Structures are given as C-alpha cells and as structure tokens.
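Here's a quick walk through a protein model, with an eye on its rings and one of its helices. Have a look at the structure first, then read on.

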Amino acid sequence: MKESGRKHGALSPCAACKLLRRRCAEDCVFAPYFPPDEPHKFASVHKVFGASNVNKMLQELPEHQRRDAVSSMVYEANARVRDPVYGCVGAISSLQQQIHSLQTQLAAAQAEVVHMRMRQFSSSSNAGGAMDMAVDQANMGESLWSC
Amino acid sequence: MASSSSYNSPCAACKFLRRKCMPGCIFAPYFPPEEPQKFANVHKIFGASNVTKLLNELLPHQREDAVNSLAYEAEARVRDPVYGCVGAISFLQRQVHRLQKELEAANADLIRYACNEVPTSLPAPPGASSIQSMVPRQRPVEYNRRMGNEGGYYQVPGMPMPYNLPWNDNPSGDTNGGGGGNM
C-alpha cells in the first residue's frame, strides 16, 4: 500500500505532500491513497475538508477502512466543488424524488396489471354465457313474433 | 433569521470557538446558540475556516441551504466515518435500480395482456406501444459518471434510509423555516 506513493521512485512525494509542500515521510498517512499522478483528487478534498481534518479522520479509522473512506470523501468533495450550495445532498434529494416517482408509476402499472388480469379472467369465464344469452334472445324473438 | 449577536448571545460557532460574536458574524444567522451540535459537527468535519471560505464564495440567499447541506453531510460523516452520506446515495441508487426492474416487469405484463387480446392475424394494435409509453423507463441518476466515478458503488449492507433531508420534512427545531425546497 505504502509503495503506491513511491511507484515513481523512492523520492516521489504523494499528491498531498506535494500540494502541502512538505516532505513525504515513509509513514505518510496520505501516501497510499493520494498518488502523485492524481493531484486533483487531493486538491478537492483539501479544499472542502482540509488536510488536517482528513488526517484526523483517517487516523481514527482502522487501515482496512481508509481506502473506502478516502473514496467517499473524494466523491463528496467533488460534489461540493461542482455544487457549492448542495454538494452531494443534491444527489440524495434527486434520488429520493426519483424513487417517489418510480413508486407512483409502479403502483399505477401494477393496478393496471390487476385490472387487465381481472378483465381477462371475467371475459374468459363469461364467453359461454354470452352465447347462451344471444340464443335465448333469438328464441324470445321467435316466440314474440309468433304471439 | 436574525443574528443572535443582536441579542448579546453569541452564536453556536463563536461559543464553540470561544470568541466574541461580532455583529455581522458570518455564522450567526445559521448556527443559533440553541443548536450547538450542528456547528460542532460541521467544525469537526469541514473546519471553521473552510466553511467561512465556502460561505464567502456564495450569495447571501444561498448560504442557508449551503449550511444545511453541510450540516447534513457532517452529521452523516460523524455517524458513518467511512462512507458518510455517500452510503445513503449508494443505498438510494440500489432502490432506484430495484424499482426500475419492478416497473419493467409490470410493463412487460401489461404488454403481454394487451397482445393477448388481439388475434394473431391482425397487426399489433397501437395500444401496445402506448402502454409502454404510459410508464416510461426512468434512467438512474448517473451521478457516478457526472461525479467522475471517484466513489463508485459502496457495499453498505441493508442500510435503511437513516437521514431525513431537512427541507423535505416538516420543519423541526434544527431546520430552517425557509429551506431550499425542491431541488
């Protein structure tokens, strides 16, 4: 993991230390997650959260959770840079609205399915009865005329 | 919202930072003293100076919504230090996907019923396509692509929607009265 910050040579600082203009130590907490070839990744995280806050947050997590934590912070930071007012909360709101709309459409579609099913059921069960009624009416007509 | 400094009571931010709450304090309209946790969370996750910079870059009428969304994200991050509110996004995206599948299945049923009512010697009725257009397919919100897919999908096991958006619910003590409304 730590080697990922060193893949361009033993002296290549990670993106965080490059931006912060400091020496990238062997045990730099940022190095595994902010490689030097992705400077924009740390730039947005630093802008939104601040390097020391990110440092604190990562230090409070066990190592196996840090990669996901960094990924989610990068996602949030990018969302906030693109939308300074709502950030990724805008996405949550939009998804909630989409879910509501889909639920409404689904309810309507399922109601229509039930309706179609019942219609098909009733038309197939009454198919014989309708013929009988037509014959009866024809017979009635004959008897009327005969009266 | 009136500045709390007008009542000689420091806002929650200045109380937390142990400084004098001046008239025109940028935090005062959005961090009232009776909601100390709101600023505490925002300070822990984003830091006071980052929030100040962000608010200064926004127009005054946008700041309330910005603070509320920051407070929401900060609270989410405090509750879930690994995924924050991205966990909620992931959960909602899976819900959208599931609902779309169910809708497709219901649409397919409707088309089958519509086709079954027409004898096979006749051409397909216009009703089949109109049923399909009645419940148009919704595309999932493509936030992965728009946001550069930095996060992708996160495995959050069976998480119910834990957070209510302040401006989608009934106003509560820690929500603004004139919230952002529909986005």
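This is a predicted model: local features need pLDDT of at least 70, side-chain atom pairs count only at pLDDT 80 or more; totals for chains, interfaces and linings use all residues.

Ring pairs join Phe16(B), Phe27(B), Phe31(B) and Phe39(B) into a cluster.

Over all chains, the count of aromatic pairs comes to eight. Here are two of them:

| Pair | Centre to centre | Angle between planes | Type |
|---|---|---|---|
| Phe30(A) and Phe34(A) | 6.0 Å | 65° | edge-to-face |
| Phe49(A) and Phe46(B) | 5.3 Å | 10° | stacked |

Phe30(A) has 0% relative accessibility, so it counts as buried. Phe34(A), at 1%, counts as buried too. The pair of Phe49(A) and Phe46(B) crosses between chains, and each partner sits in a loop between H2 and H3 of its own chain. Both Phe49(A) and Phe46(B) are buried.

Now for the helices. Chain A has five of them and zero strands, and 41% of its 147 residues are buried.

Which residues of helix H3 of chain A are buried? They are Ala51(A), Asn53(A), Val54(A), Met57(A) and Leu58(A). These cover an arc of only 160° around the axis, so they lie on the same side of H3(A). An α-helix has 3.6 residues a turn, so residues three or four places apart point the same way. On the other side of H3(A), Ser52(A) and Gln59(A) are exposed.

And what do the buried residues of H3(A) pack against? Their partners are H1, H2 and H4 of chain A, together with H2 and H4 of chain B.

Technical notes
Residues are numbered from 1 along each chain as its sequence is written. Chains are lettered from A and ligands numbered from 1 in the order in which they are written. Side-chain values use heavy atoms; hydrogens and water are left out. Helices (H or I, at least four residues) and strands (E, at least two) are DSSP runs, numbered from the N terminus. Buried means under 20% relative accessible area, exposed over 50%, partly exposed in between (1.4 Å probe, protein chains only). The arc is that of the directions from the helix axis to the C-beta atoms. Contact means heavy atoms within 4.5 Å. Rings of Phe, Tyr and Trp (its six-membered ring) pair if their centres lie within 6.5 Å; planes under 30 degrees apart count as stacked, over 60 as edge-to-face and the rest as tilted.
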